[in-house]
Amino acid sequence: MKNTITLILAVAAFAMPRAVLANTLQEQKKPNVLLIVVDDLGWKDLSVQGSVFYETPHIDQLAADGVRFTNGYASCQVCSPSRASLMTGQYPARMKTTDWFGAKAGTDWKRNTKLLPAEYIERLDHDRTTVAEAFKESGYSTFFAGKWHLGKDEGDWPEHHGFDINIGGNDKGSPPGGFFSPHNNPRLKERDPGEYLPLRLADETANFILNSGEKPFFATLCFYAVHAPLQTTHELWDKYRKKAESLPQPTSRMEVERRRPIRVVQDNPIYGGLMEAMDAAVGRVLEALDEAGQRENTIVIFTSDHGGVSSGDHWATSNLPLRGGKGYQWEGGLRVPFIVSWPGNIQPSVNLDTPVIGTDVYPTLLELAGLPARPEEHVDGTSIVPALRGGRIPDRPLFWHYPHYGNQGGDPSSVVQLKGWKLIRYHEGDPDELFYLPDDPMESRDLAQRYPEKARELRGILDQWLADVDAEFPTINPDFDEVAFAREQVRKVEVMLPMREKQAAEILEPDWSPDATWWGSETVD
């Protein structure tokens, strides 16, 4: 009987049209997944996003091969909370992981501010099933390379949250040894002297892809780039220094935001070089997919963990026309590049203005891979597959809750956005702000007084959500000195602004050099 059934199946396969048979076999093969997350990458840091200074041809091509969401968002304006959301499909407020792991909170906070930042949890809860664990349970090989920053103890590292292989992931938020070896990383073996970390992580990811065999894989590449410390080679610095020199020269590169100076010009040659190295690393990994014959069987999602650093951490980039940057409650801190590519399965060269957010990655990947949804896990995410296939996803509010002070100047605040309307609630007690983003991406026109009913509607939605997730809030700082605070604000204008302006100009001087060996990338004769 068994032989008869086998013969029938063989005859049916022989009689089936070749195209139909090929499609059937393709449907039976599980697609691979490659999730690429760049640290601190701003919304306008890519050529395809409008930058005329940075050069990112490989990422631009990735966007041309798939769908680019122009209203892509991170789940938080700082790193650890956003990364936790990517892994779990849940908002940071729900998980109580609302600040970067290592930040001071509560009575440990010693700065002169009106509020004490809310307490938060500094680890990814092991009771939550991560997206990596979901794929591993479905028979996938799982791989992680790069920045983790989701737990202080070794028991909280990638290999304890569903990844079979961990290359470089630990508790650190920036590369312990900088971007050139020695890397001083307990999960990254030393190799070549002076090697550039973005390219090393790309090599590790490419090698995993090329040696993955027949088993489907879920690979996550989380670059430490383009986070501080900003470091590049002499050659790349010189290339972007000359490029900056050829552009119209600004009268100033800094302006004062609400709390501190902020960069408003993209012409940092060190950051330009680091950006190019990161882009080349992405190209190396995509080339490995081609070499392995897996490009058309691999879903690629490319994004960032929050907006670009325009104030603090070397004042790296500008996010204009978006206001603010990393750490801020404005669009420059929240909106990020968001690209999905799967040749042959997702239409190429499509730009969508549908708002999507980091919590959506988990359910989207499950649906694209044909795996069961896990609504009890990715409770705050929505699969964006209908949008990828030419349809729509329902309008829904997006939320952010950051009961902390950003190192870069952001305020303790909560945010809701719905149908282009954005309301910001300030926990220091300042009035709510209301913006209509399609007409005002710079968030320069507060419409709360003009449209009070819309402001009340959104505030009600936001407050209900904060109650539903049992959000933590900052508390009054009994030691706050208002006079000293006002004096500090004046100092930021009179002292910090010219100092940052001077530093931004110095790195463009032809004879500028960080040290004798360019951070160890060159040997000394």
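Q: Where does E443 lie in the chain?
A: E443 lies in the loop between β17 (433-436) and α13, where the helices (H or I, at least four residues) and strands (E, at least two) are DSSP runs numbered from the N terminus. This is a predicted model, in which local features need pLDDT of at least 70 and side-chain atom pairs count only at pLDDT 80 or more, while totals for chains, interfaces and linings use all residues. Residues are numbered from 1 along each chain as its sequence is written, and side-chain values use heavy atoms, with hydrogens and water left out.

Q: Which value does phi of D470 take?
A: For D470, phi is near 55°, which is likewise positive in a residue other than glycine, and D470 belongs to the loop between α13 and β18 (475-476).

Q: What makes the pair of F399 and W465 stacked or otherwise?
A: Rings of Phe, Tyr and Trp (its six-membered ring) pair if their centres lie within 6.5 Å, and planes under 30 degrees apart count as stacked, over 60 as edge-to-face and the rest as tilted. The structure holds 28 aromatic pairs. In the pair of F399 and W465 the ring centres are 4.5 Å apart and the planes stand at 0°, so this pair is stacked.

Q: Which parts does the pair of F399 and W465 tie together?
A: F399 lies in strand β14 (residues 398-402) and W465 in helix α13 (residues 452-468), so the pair links parts that are 66 residues apart in sequence. With a relative accessibility of 8%, F399 counts as buried, and W465 is buried as well, with a relative accessible area of 8%.

Q: Where is P397 found, and how is its accessibility classed?
A: P397 is found in the loop between α12 (385-388) and β14, and its relative accessible area of 28% makes it partly exposed. Leaving aside neighbours within four places in sequence, P397 is in contact (heavy atoms within 4.5 Å) with Y91, V416, Q417, L418 and I461. P397 and L458 are 61 residues apart in sequence and 9.1 Å apart in space, C-alpha to C-alpha.

Q: How do you know that the charged end of R323 sits over the ring of W330?
A: A charge sits over a ring if NZ of Lys or CZ of Arg is within 6 Å of the ring centre and within 35 degrees of the ring normal. The charged end of R323 is placed over the ring of W330, 3.6 Å from its centre, and R241 lies over the face of W237, at 5.8 Å from the ring centre.

Q: Why is one side of β6 and of β12 left without a neighbour in the sheet?
A: Two strands pair if DSSP finds at least two bridges between them. Eight strands form an open sheet with mixed pairing, in the order β6-β5-β7-β1-β10-β11-β2-β12. In that sheet β6 (165-167) and β12 (350-352) stand at the edges with a single partner strand each, so one side of each has no neighbour there.

Q: What joins strand β2 to β12?
A: Three bridges join strand β2 (residues 67-69) to β12, and the two run parallel; in β12, V350 is the bridge partner of V67.

Q: How do you know how many disulfides the structure holds?
A: A disulfide is a pair of cysteine sulfur atoms within 2.5 Å, and the structure holds zero disulfides. C76 is in no disulfide, the nearest cysteine sulfur being that of C79 at 8.7 Å. Seen from C79, the closest cysteine sulfur is the one in C76, and the 8.7 Å between them is too far for a bond. C76 is buried, with a relative accessible area of 1%, and C79 counts as buried at 4% relative accessibility.

Q: Which kind of peptide bond joins S181 and P182?
A: S181 and P182 are joined by a cis peptide bond with omega about 5°, and P182 has its place in the loop between β6 and α7 (197-210). A cis peptide bond also joins A225 and V226, with omega about 5°, and V226 lies in the loop between β7 (217-223) and α8 (234-246).

Definitions and conventions: Buried means under 20% relative accessible area, exposed over 50%, partly exposed in between (1.4 Å probe, protein chains only).
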